[in-house]
Amino acid sequence: MKKFLSMIAVCAMSAMVFSGCGADNQGTQGGTEETPTENSAAMDTPVDVGIIQLTEHPALDASREGFIEALAEAGYTDGDNINIETQNAQGDQSNLKTISQKFVSDGKDLILAIATPSAQAVATETKDIPILVTAVTDPAESGLVETNEVPNCNVSGTSDLTPVEDQIELLTKILPDAKKITIMYCSGEQNSLIQADMAEEAAKAAGLEVERKTVTSTNDVAQVTESIIGTCDAVYIPTDNVLASSMPLVSSITNPAGLPVIVGESGMVEGGGLASVAIDYTDLGKLTGKMAVQIIEGADIKTMPIQYAENPQLVINETAAAELGITIPDDVKASAEVVNTSADSGTEAQ
């Protein structure tokens, strides 16, 4: 892998001196992240990093920004000792394949894949270039790694698995009279299916009746959303990329109809959702960036476990609550970050 391998080789050779262990066939050595022999930020040849992002919405954007910020904090400056190329597929699967093939043919030293479809696309194209993923709910379940504890391949990274049970519990606290909920997600997103299963199990355990509604793309979001008005007491939407990017459209239909929506992440609350127990995607991106630094400095990605976000935050949309005529319980509001959105925040899709 061009200059990247030479950098790793320096680290691996030094690791052999101290540990007596040999490097694997890619010239990397597990454990070198603790005592890197030579920080490649000081080397003359820049590291080439490609970022492939499924689509634009606040959570995925924050992950990318956090990743780049972590690299900068470690001394890797874009355009100086590292070159970062970012490509956005705009939600198009064919674009994901084209971008993935380009990054591989360009011989990128490391690739960041943001969201499950991006990760699956690029992992299909290379088994050699290190791939870090983020905003992926369950890399093992999505077929990206052997196990989340020991990937044993060229893929690792961070999971955005949210506290689904806590989100359903929040729904019951804010809406104690709710009897039936609709779980809405995109049928083509493996990450969403995993969370939908978890949400259904948690909701049934809480005594709620559950139905599911799926969308296939942004084109049918409005139709599906309109179809659930009057059929349930609340909606739950996980960290679904299609619905996250369409959240203002969803809330423009549900909020005026008095139908509250509990969502998977804070960007969706800002898009008009009522509330969430949400992870911080900027912090998740930073965590992924720190893993990238370890790999650049010699760590073996095969042995790097999938890492998870910590300290989820309760987020409440006060504007949505007022529109819905819902009074947030004091004990819930006391520990929440309160979001206020403009009156027309839900009138247009992003």
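Predicted model: local features only at pLDDT ≥ 70, side-chain atom pairs only at ≥ 80, totals over all residues.
This report walks through the fold, cores, sheets and a few individual residues of the protein shown above.

Residues are numbered from 1 along each chain as its sequence is written, and side-chain values use heavy atoms, with hydrogens and water left out.

## Overall picture

The protein has 13 helices and 13 strands; these are DSSP runs numbered from the N terminus, with helices being H or I of at least four residues and strands being E of at least two. Of its 350 residues, 54% count as buried. Here buried means under 20% relative accessible area, exposed means over 50%, and partly exposed lies in between, using a 1.4 Å probe and protein chains only. The accessible surface comes to about 14,100 Å², and carbon and sulfur atoms own 47% of that surface. These areas come from the Shrake-Rupley method with a 1.4 Å probe, and for residues only the protein chains shown count as cover.

## The parallel sheet and its core

An open sheet is built from six strands in the order E2-E1-E3-E4-E5-E11, with parallel pairing. Two strands pair if DSSP finds at least two bridges between them. E2 and E11 (307-308) are the edge strands; each has a single partner strand, so one side of each is left without a neighbour in the sheet. Further in, E4 and E5 (residues 155-159) run parallel and are joined by four bridges.

Helix H2 lies across E1, E2, E3 and E4, and runs at about 170° to E1. Such angles run from 0 to 180 degrees between N-to-C directions, with axes as lines fitted to C-alpha atoms, for helices over the stretch in contact.

A nonpolar core is a set of buried Ala, Val, Leu, Ile, Met, Phe, Trp, Tyr and Cys residues joined through side-chain atoms within 4.5 Å. The largest one has 49 residues, of which Val49, Phe67, Leu71, Ile82, Leu132 and Val155 touch the most other members. Elements that each supply at least two residues of this core include strand E1 (47-53), helix H2 (58-73) and strand E4 (131-136). Helix H11 gives the most, with seven residues.

Leu132 ties these themes together. Its bridge partner in E5 is Ser156. Leaving aside neighbours within four places in sequence, Leu132 is in contact with residues including Phe67, Leu112, Thr288, Met291 and Ile301.

Thr254 itself lies in helix H9 (residues 247-254).

Val261 turns up again among the contacts of Ile237, which also include Met184, Leu243 and Met268. Ile237 belongs to strand E8 (residues 234-237). In space, Ile237 is 5.9 Å from Ile183, C-alpha to C-alpha, although 54 residues separate the two in sequence.

Strand E10 (residues 275-278) points Ala275 and Val277 one way and Ser276 and Ala278 the other, and all are buried. In a regular strand, side chains alternate between the two faces of the sheet. E10 pairs with strand E12 (residues 313-317) in the antiparallel sense over four bridges, and Ser276 stands opposite Val315 in E12.

## Some buried residues

| Residue | Relative accessible area |
|---|---|
| Cys153 | 19% |
| Cys232 | 12% |
| Thr254 | 1% |
| Ile237 | 0% |
| Ala115 | 0% |

## Two backbone points to check

Most residues other than glycine have a negative phi. Gln90 has a positive phi of about 55°, and sits in the loop between E2 and H3. Ala115 also has a positive phi, near 90°, and lies in the loop between E3 and H4.

Methods:
Contact = heavy atoms within 4.5 Å.
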